[in-house]
Amino acid sequence: MDILQTEEKIVRMLKTVYDPEIPVNVYDLGLIYRIDLQENGDLIVDMTLTAPNCPLADYIVEDVKMKLEAVESVKNVTVNLVFEPAWNKDLMSEEAKLELGFL
């Protein structure tokens, strides 16, 4: 397994997951804190949400898990929802800030 190529596929797949309330993907929003791909294909992702009480949390986490399970070479996916450090707009990519009018 080429870990670098697989990680690129993981990032591309994460960019297809959106919070239905925000027109920017979870990766560019800065909601993905850690991508840990093991040699055996196990994948651990730490992610957060823009607000801890997001009513769509289960939907978004399940969408991330399902899409990452579809990535070739990925065997088992664990998505950890974390709230430390707290998310803030400084974690967004430049593209996301532009899209949402923060630049």
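Which residue in β3 does D46 stand opposite? In this predicted model, the residue of β3 that stands opposite D46 is N80. The two strands concerned, β2 (residues 43–47) and β3, run parallel and are joined by five bridges. They belong to an open sheet of three strands, arranged in the order β1-β2-β3, in which the pairing is mixed. The edges of the sheet are formed by β1 (32–37) and β3 (77–81), each of which pairs on one side only. Averaged over the sheet and with direction ignored, neighbouring strands are turned by 10° against each other. In general terms, the strands of a sheet pair through backbone hydrogen bonds, either parallel or antiparallel.

Two helices lie across this sheet. Helix α1, which comprises residues 3–14, lies across β1 and β2 and runs at about 145° to β1, whereas helix α2, comprising residues 57–69, lies across β2 and β3 and runs at about 155° to β3. For α2, the end C-alpha atoms are 18 Å apart, which agrees with the span of 18 Å that its 13 residues should cover at 1.5 Å a residue. The buried residues of α2 include A57, I60, V61, D63, V64 and L68; because the buried residues fall within an arc of 155° when seen down the helix axis, they line one face of α2. An α-helix has 3.6 residues a turn, so residues three or four places apart point the same way. Among the elements that cover the buried residues of α2 are α1, β2 and β3.

The largest nonpolar core contains 26 residues, of which I10, L43, M47, V64 and L68 touch the most other members. Two or more residues are given to this core by each of α1, β1, β2, α2 and β3, and the most are given by α2, with five residues. Nonpolar side chains tend to be buried together in soluble globular proteins.

With its neighbours within four places in sequence left aside, I3 is in contact with L37, Q38 and E39; L37 falls at the end of the range 32–37 of edge strand β1. The C-alpha atoms of I3 and K89, which are 86 residues apart in sequence, are 30 Å apart in space.

Note on methods
Residues are numbered from 1 along each chain as its sequence is written. This is a predicted model: local features need pLDDT of at least 70, side-chain atom pairs count only at pLDDT 80 or more; totals for chains, interfaces and linings use all residues. Side-chain values use heavy atoms; hydrogens and water are left out. Two strands pair if DSSP finds at least two bridges between them. Helices (H or I, at least four residues) and strands (E, at least two) are DSSP runs, numbered from the N terminus. Axes are lines fitted to C-alpha atoms, for helices over the stretch in contact, and angles run from 0 to 180 degrees between N-to-C directions. Contact means heavy atoms within 4.5 Å. The expected span of a helix is 1.5 Å times one less than its number of residues. Buried means under 20% relative accessible area, exposed over 50%, partly exposed in between (1.4 Å probe, protein chains only). The arc is that of the directions from the helix axis to the C-beta atoms. A nonpolar core is a set of buried Ala, Val, Leu, Ile, Met, Phe, Trp, Tyr and Cys residues joined through side-chain atoms within 4.5 Å.
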